[in-house]
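Please look over the sequence and the 3D structure shown here. A short report follows.

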Amino acid sequence: MTRPFEGVKILDFTQVLAGPYASYQLALLGADVIKVERREGEDMRRTPLSREWADRGLAPGWQAINGNKRSLTLDLQKPEAITIVKQLAEQADVVMENFRPGVMDKLGIGYKALSAINPRLIYCAISGFGQTGPERSGAGYDGKIQALSGIMSITGHEETGPTRAGFAVCDVLSGATAAFGVSSALFQRTHTGKGQMVDVSMLEATLAFLSGQVADYSVAGHRQQLSGNQAVSRRPTANLFKAGSGYLLLAVNSEKQYRALMTALGRADALDDPRFADWFARQENEPALRAIIEEALAKKDPREWEKILDAAGAPCASIWKVEEVIDHPQIAARGAIQEIDTPYGRLRFAGSGFQLAHGGGRLERMAPALSAHTEEVLASLGYDKSAIADLRAREIV
């Protein structure tokens, strides 16, 4: 079955996380992504989590976002390499990069130069703050954007202060935004026949994901505070509670769910307590309500309560670790973790976050070894073996 981006050629200069995550989403959906790296490879290949994999230039986190791609090495400081880029750009549908604004222009392969060669080219630039504005040259690191965007001001507890999310949330949401931007530009090109610049700012992408919090202030003047584990609904029963030997996250947000919760906990008597008559009263008396709930939850462990409360109609979840959830029956049933055979054995990776009835995302091959496809790519441009050997000897590729 043909996937959505079969036949789309992407020249990918991105590195680290946001950019490679974006191009990986398109590669899963069938795009032919040529990953352009410097001759020694990008640093993420050698992230020091596992020395074994770092020594191979295939760090796990790097593999996670570079599957289905082809690897081409080029020294972009050399004119011959720039010539190769321009030859590839002439045939490409998309160019993606996440250098600081102006870097590609100085190399002679920015949007203006490449779009002159190929007017149908879609050029996606991902940066911390976008291609314009007073902060355009600022570095776009995930932690910096988490702090600046407001995410850290609403994450964490008052007693411990602002907290960074447990993963690089601004990087990956910016990558998802970039993939959506490229998809939009590709679709628009079917109407106009024209390529265009897709300018992705990590800060703006993050604010777009904080649309509710932005409106809380811009419309109602509400100033956000550290919210701990409290849900955005601000229901006192949508929070984290101690349960047995661990914790349980309750997502009880409606009156029906509240009644189901208290009944399943064996505290139906609390339904007639005037202190908890409605959501406003429950919020005012949150400490007393929490005490009742945690006293009941103390009698069983989280996983037991998870089954009991879900069956009763009171949404909740125990705290699962990554190594546990990848083997969750629901994940297994839908094939969300994809398995591939590699020279290093059978490996598992996360795939697309959605499924299509026809031609959905599919991981077909592991992330490439450095320069694994250089000869193949150059041969497609008409370079013979002698010319390729000469380029290697002169350390251009």
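## Glu 294 and helix α14

Glu 294 is found in helix α14, which spans residues 286-297. Helices here are DSSP runs of H or I with at least four residues; strands are runs of E with at least two; both are numbered from the N terminus. Glu 294 touches Phe 241 and Lys 242, not counting residues up to four places away in sequence. Contact means heavy atoms within 4.5 Å. Glu 294 and Arg 334 are 40 residues apart in sequence, and their C-alpha atoms are 34 Å apart in space.

This is a predicted model, where local features need pLDDT of at least 70, side-chain atom pairs count only at pLDDT 80 or more, and totals for chains, interfaces and linings use all residues. Residues are numbered from 1 along each chain as its sequence is written, and side-chain values use heavy atoms, with hydrogens and water left out.

## Helix α15 and its two sides

Glu 304 has its place in helix α15, residues 302-312. From Glu 304 to Ser 318 is 14 residues in sequence and 9.0 Å in space, C-alpha to C-alpha.

Pro 302, Trp 305, Glu 306 and Leu 309 of α15 are buried. Seen down the axis of α15, the buried residues fall within an arc of 110 degrees, so they line one face of the helix. The arc is that of the directions from the helix axis to the C-beta atoms. Lys 307 and Ala 311 are exposed on the other side of α15. The cover over the buried residues of α15 includes β9 (240-243), β10 (246-250), α12, α14 and β11 (316-318). Just after α15 comes Gly 313, with a positive phi of about 95 degrees.

## Rings and charges

How many aromatic pairs does the structure hold? It holds 3 aromatic pairs. One of them joins Tyr 258 and Trp 279: it is edge-to-face, 5.7 Å centre to centre, with 65 degrees between the planes. Rings of Phe, Tyr and Trp (its six-membered ring) pair if their centres lie within 6.5 Å; planes under 30 degrees apart count as stacked, over 60 as edge-to-face and the rest as tilted. This pair links distant parts of the chain, with Tyr 258 in helix α12 (residues 255-264) and Trp 279 in helix α13 (residues 279-284), 21 residues apart. Both Tyr 258 and Trp 279 are buried.

Trp 279 also has a charge over its ring: the charged end of Arg 282 sits 4.5 Å from the ring centre. The charged end of Arg 56 sits over the ring of Trp 53, 4.4 Å from its centre. A charge sits over a ring if NZ of Lys or CZ of Arg is within 6 Å of the ring centre and within 35 degrees of the ring normal.

## Arg 189 in helix α9

Arg 189 lies in helix α9, residues 169-192. Arg 189 is buried, because its relative accessible area is 9%. The side chains of Arg 189 and Asp 93 are joined by a polar contact of 2.8 Å. The side chain of Arg 189 also reaches the backbone oxygen of Arg 120 at 2.7 Å. A polar contact is a pair of N or O atoms within 3.5 Å; within protein, one must be able to donate a hydrogen and the other to accept it, and residues adjacent in sequence count only if both atoms are side-chain atoms.

Conventions: Buried < 20%, exposed > 50% of the residue type's maximum accessible area, 1.4 Å probe, protein only.
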